[in-house]
Amino acid sequence: MEELTGKWLVETVYTDLAVMLRVQQVLFSGRTEYQHVEVIESDLFGRSLVLDGKTQSTERDEHVYHQGLVHPAMLLHPNPVSVFIGGGGEGGTLREVLSHRSVERAVMIDLDQQVVSLCREHLPNHHQGAFDDPRVQLLHEDARGYLAQPGEGFDVMVMDLVDPMEGGPAYLLYTKEYYEIARARLNPGGILVTQSGPAGLLSHQECFTTIHRTLSETFKHCVGCQLHVPAFQTLWGFNIASDSPLPSLGVNEVNQLLAERTGRELDFYDGETHQSMFNLPKFLRTGIAQETRINLDESPVFMI
């Protein structure tokens with residue numbers, strides 16, 4: 001067995017399973033007001049953001065996560081002009097949202113200003129200058145408090161939040177009460193999408209199925225989807241919700257809409273990928289059907 005030398009990041013995947021990543025350079029390590037932050041660099045994944053010991057995104061595969069989170073919801077809306085982003089400190093979600101020509105305004109709220117500043121400095125390949133786009137309003141405050149106030153409506157809301165960890169900064173942004181607040185700020189026909197945690201065979205009941213059930217109790221329509229993010233070691237889930245019917249898009253329809261709205265050739269997402277994301281494996285369909293928990297402020301469900 002090869003001797004382990006150098007610096008290693010040890011990340012817990014399950015309570016009795018951890019993975020190790022050899023670190024070439026630590027660009028930042030410290031605590032902000034809200035969480036512990038590390039920006040590291042490795043040969044395998046390039047530069048990575050790690051919050052409270054959990055990898056959030058890496059240069060090597062962030063496009064998989066961010067394109068999968070953003071584009072299905074954007075394409076399901078007939079004409080997304082105003083977009084709200086909750087979280088998203090690295091700027092990858094903002095980058096993908098702004099690639100849609102129809103977007104005239106994007107409001108991004110990330111509570112932790114220091115994380116955003118670190119990402120702007122150390123992760124330029126993530127944001128690719130998106131923060132400087134004149135369509136962007138970047139705020140550092142509580143997203144729930146912001147949405148609870150009277151204000152403009154949004155066509156699409158993208159919740160790119162840290163996982164609902166006990167004691168973490170975002171667990172109350174996955175509850176029914178929060179979704180009701182967000183729903184009230186959606187324009188007619190508006191769509192909300194949220195990252196929903198691990199969706200693999202061993203982990204989909206941690207929070208994915210509960211988030212799906214909670215959204216289904218809040219909105220008239222909710223669909224789940226999944227993809228594989230190598231840095232996360234498992235399938236990852238998203239849930240899309242709306243009070244308007246969510247259309248089923250075919251392969252050619254997705255490709256045509258992408259060409260019309262973005263004019264970009266994406267590295268990950270296209271029509272066939274869209275189909276695979278929404279064709280859930282049987283264990284996920286069974287888990288969704290059997291889920292009875294609803295995430296409430298008084299009894300939130302935490303990811304392990």
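Predicted model: local features only at pLDDT ≥ 70, side-chain atom pairs only at ≥ 80, totals over all residues.
Student: Why does Asp52 count as partly exposed?

Tutor: The relative accessibility of Asp52 is 41%, and partly exposed is the class between the buried limit of 20% and the exposed limit of 50%, so Asp52 belongs to that middle class.

Student: How do you know whether Gln128 is buried or exposed?

Tutor: Exposed means over 50% relative accessible area, and Gln128 stands at 56%, so Gln128 counts as exposed.

Student: Why is Ser48 put in the class it has?

Tutor: Ser48, which is found in strand S5, has a relative accessibility of 2%. Buried means under 20%, so Ser48 is called buried. Leaving aside neighbours within four places in sequence, Ser48 is in contact with Glu38, Val39, Ile40, Ser57, Thr58 and Leu123.

Student: How do you know whether Ser42 is buried or exposed?

Tutor: Ser42 is found in strand S4 (residues 36-42) and has a relative accessible area of 5%; that value is under 20%, so Ser42 is buried. With neighbours within four places in sequence left aside, Ser42 is in contact with Leu21, Arg22 and Gln24. Between the C-alpha atoms of Ser42 and Arg213, which are 171 residues apart along the chain, the separation is 37 Å.

Student: Why is Lys176 given its class?

Tutor: Lys176, in helix H6 (residues 176-184), has a relative accessibility of 18%, and because the class of buried residues takes in values under 20%, Lys176 counts as buried. Not counting residues up to four places away in sequence, Lys176 touches Thr214, Glu217, Thr218, Ile294, Asn295 and Leu296.

Student: What makes helix H7 (residues 208-218) largely enclosed by the rest of the structure?

Tutor: Eight of the 11 residues of H7 are buried, so the helix is described as largely enclosed. Among the buried residues of H7 are Phe208, Ile211, His212 and Leu215. The buried residues of this helix pack against H6, strand S11 (186-198), strand S12 (221-229), strand S13 (234-242) and H10.

Student: Since H10 has come up, why does Thr286 have the class it has?

Tutor: Thr286 has its place in helix H10 (residues 282-290) and a relative accessibility of 32%. Because 32% falls between the 20% and 50% limits, Thr286 counts as partly exposed.

Student: What makes up the largest nonpolar core?

Tutor: That core has 83 residues, and those with the most contacts inside it are Phe84, Leu94, Leu147, Met157, Met159, Leu192 and Phe238. The largest share of this core, eight residues, comes from helix H1 (residues 62-76). Leu147, with neighbours within four places in sequence left aside, is in contact with residues including Phe84, Phe154, Met157, Met159 and Tyr178.

Student: How many helices and strands does the protein chain have, and why is the chain said to be as compact as a globular protein of its length?

Tutor: There are 10 helices and 13 strands in the protein chain. Its radius of gyration is 18 Å, close to the 19 Å that the globule rule gives for 304 residues, so the chain is as compact as a globular protein of that length. Along the principal axes, the C-alpha trace spans about 55 × 45 × 40 Å, and 56% of the 304 residues count as buried.

Student: What share of the contacts in the protein chain with a separation of 6 or more comes from residues 24 or more positions apart?

Tutor: Such residues account for 67% of those contacts.

Methods: Residues numbered from 1 in each chain as written. Heavy atoms only, no water. Helix = DSSP H or I, 4+ residues; strand = E, 2+ residues; numbered from the N terminus. Buried < 20%, exposed > 50% of the residue type's maximum accessible area, 1.4 Å probe, protein only. Rg over C-alpha atoms; globule rule 2.2 N^0.38 Å. Contact = heavy atoms within 4.5 Å. Core = buried A, V, L, I, M, F, W, Y, C linked by side-chain atoms within 4.5 Å.
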